[in-house]
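Here is a short briefing on one protein model. Keep the structure in view as you read, and find each residue as it comes up.

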Amino acid sequence: NVLTRYLMPSGGFAALQELPERLFPWFIAGGIVLAAQAGGHMAVDWLLEFIGTERRRRWLLHLGNAIVIVSYAVLFQQAMQVAEIARIEKSPVLGLPGSHGYWAIAGTCVALCLVHLASSVRVALLGTGNRFTFTDQEH
């Protein structure tokens, strides 16, 4: 688009300037979900070290995942409400609704709920060392 700004009488493609703004929230959403799935997100693991038995660690992780799932479900609901309010705004060139970014937040919340649900299933079936998609040995 930088080249077309100087070569075209119209000053370039206006949509090419707006498109990265509209795609950015979706790329961030994907990165957040991938990081959570691989255990690359912020986690507080020090409490697990103090719990003696594997069974208690499993229950703690299940409780933590349940809290996270409920929190993201609430955030999903709120993001959808704000998206409904923002949908009347339109982007200047592409005409996309203003709710677009909030849909990315809502989609991220749904995906993170699934990631934490899958983590609880892995913990239940395979133990606490397998709560993420990739274990430390695979990194």
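**What covers helix 4**

Helix 3 (46-50) and helix 5 (100-126) are among the elements that cover the buried residues of helix 4. Keep in mind that this is a predicted model. The protein has five helices and zero strands. Along the sequence, the pattern reads α-α-α-α-α.

**Whole protein**

- The protein has 139 residues, and 26% of them are buried.
- Its accessible surface is about 9,500 Å². Carbon and sulfur atoms account for 69% of that surface.
- Take the contacts between residues at least 6 apart in sequence: 64% of these join residues at least 24 apart.

**Helix 4**

- Helix 4 covers residues 54-86, which makes 33 residues.
- Which residues of helix 4 are buried? They are Leu61, Asn65, Ala79, Ala83 and Ala86.

**The nonpolar patch**

- Helix 5 supplies the largest share, with seven residues.
- Is Leu114 buried or exposed? Its relative accessibility is 54%, so Leu114 counts as exposed.

**The cysteines**

- A disulfide is a covalent bond between the sulfur atoms of two cysteines.
- How many disulfides does the count give? The count comes to zero.
- Look at Cys109: its closest cysteine sulfur is in Cys113, 6.8 Å away. The cut-off for a disulfide is 2.5 Å, so the sulfur of Cys109 is too far from that of Cys113 for a bond.
- Start from Cys113 and the closest cysteine sulfur is in Cys109, at 6.8 Å, again too far for a bond.
- Cys109 has 2% relative accessibility, so it counts as buried.
- Cys113 has 15% relative accessibility, so it counts as buried too.

**Ser91, in a loop**

- Ser91 is in the loop between helix 4 and helix 5.
- Is Ser91 buried or exposed? Its relative accessible area is 4%, so Ser91 is buried.
- Leave out residues up to four places away in sequence, and Ser91 touches Glu18, Arg22 and Leu96.
- Ser91 and Glu18 are 73 residues apart in sequence. In space, their C-alpha atoms are 8.1 Å apart.

**Thr128, after helix 5**

- Thr128 lies in the segment that follows helix 5.
- Its relative accessible area is 11%, so Thr128 is buried.
- What does Thr128 contact, leaving aside neighbours within four places in sequence? The residues are Glu54, Arg57, Arg58, Leu61 and Val123.
- Leu61, one of these contacts of Thr128, is also one of the buried residues in helix 4.

Conventions:
Residues numbered from 1 in each chain as written. Predicted model: local features only at pLDDT ≥ 70, side-chain atom pairs only at ≥ 80, totals over all residues. Heavy atoms only, no water. Helix = DSSP H or I, 4+ residues; strand = E, 2+ residues; numbered from the N terminus. Expected span 1.5 Å × (residues − 1). Buried < 20%, exposed > 50% of the residue type's maximum accessible area, 1.4 Å probe, protein only. Contact = heavy atoms within 4.5 Å. Areas by Shrake-Rupley, 256 points an atom, 1.4 Å probe, with all protein chains shown as cover.
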